Amino acid sequence: MKLQLIEKISRQAVALVLFAGICLLYNKGIVPVYTIILFLFSGTIIGFFFKALSFVIKIILVLLLAGMFV
C-alpha cells in the first residue's frame with residue numbers, strides 16, 4: 001500500500017516538473033511538440049487539470065463557508 005502511494009505521488013511530481021519545463025520552454029519560444037503529445041496521450045495533463053480544478057473548487061467552497069460564519 002505504501003509503495004502504491006509513493007508511486008502515485010512521484011508520478012504526479014514528475015508530471016508537474018515536466019509540465020513546468022514545457023511551460024518554460026514554450027515561453028522562450030521553443031515548443032516541445034512531441035512531449036505535449038505524449039502527455040496528452042498518457043492522460044497525465046488531463047488528470048492533473050481535473051485534480052487541480054477540484055482542489056481550487058474545494059478551496060473556494062471553504063473560503064465561502066468561512067466568510068459566511070465570520
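**View 1. What pattern does the chain follow, read along the sequence?** Along the sequence, this predicted model reads α-α-α. There are three helices and zero strands (DSSP runs numbered from the N terminus, with H or I over at least four residues for helices and E over at least two for strands). Of the 70 residues in the chain, 7% are buried (under 20% relative accessible area; over 50% is exposed and in between is partly exposed, with a 1.4 Å probe and protein chains only). The accessible surface comes to about 6200 Å², and carbon and sulfur atoms own 79% of it (Shrake-Rupley method, 1.4 Å probe; for residues, only the protein chains shown count as cover).

**View 2. Here's helix 1, with F19 along the way.** Helix 1 covers residues 2-27. Its 26 residues should span 38 Å at 1.5 Å a residue, and its end C-alpha atoms are 38 Å apart, so the two agree (the expected span is 1.5 Å times one less than the number of residues). After the helix comes G29, with a positive phi near 100°. F19 is partly exposed at 22% relative accessible area.

View 3. R11, Q12, A15, F48 and K51 are the closest to its centre among the 13 lining residues. Helix 1 gives the most to the lining, with seven residues, and helix 1 and helix 3 each supply at least two. A pocket is an open set of points on a 1 Å grid over the protein atoms alone, where a 1.4 Å probe fits, with protein on both sides within 12 Å along at least five of seven lines; lining residues have an atom within 4 Å of a point.

**View 4. V56 belongs to a nonpolar surface patch of about 1100 Å².** V56 lies in helix 3 (residues 44-69) and is partly exposed at 42% relative accessibility. Other patch members include I46, F50 and L64. Patch residues have over 30% relative accessible area and no salt bridge, and nonpolar side chains (Val, Leu, Ile, Met, Phe, Trp, Tyr) are joined within 5 Å, like charges within 9 Å; a salt bridge puts a side-chain nitrogen of Lys or Arg within 4 Å of a carboxyl oxygen of Asp or Glu.

**Notes.** Residues are numbered from 1 along each chain as its sequence is written, and side-chain values use heavy atoms, leaving out hydrogens and water. In this predicted model, local features need pLDDT of at least 70 and side-chain atom pairs count only at pLDDT 80 or more, while totals for chains, interfaces and linings use all residues.
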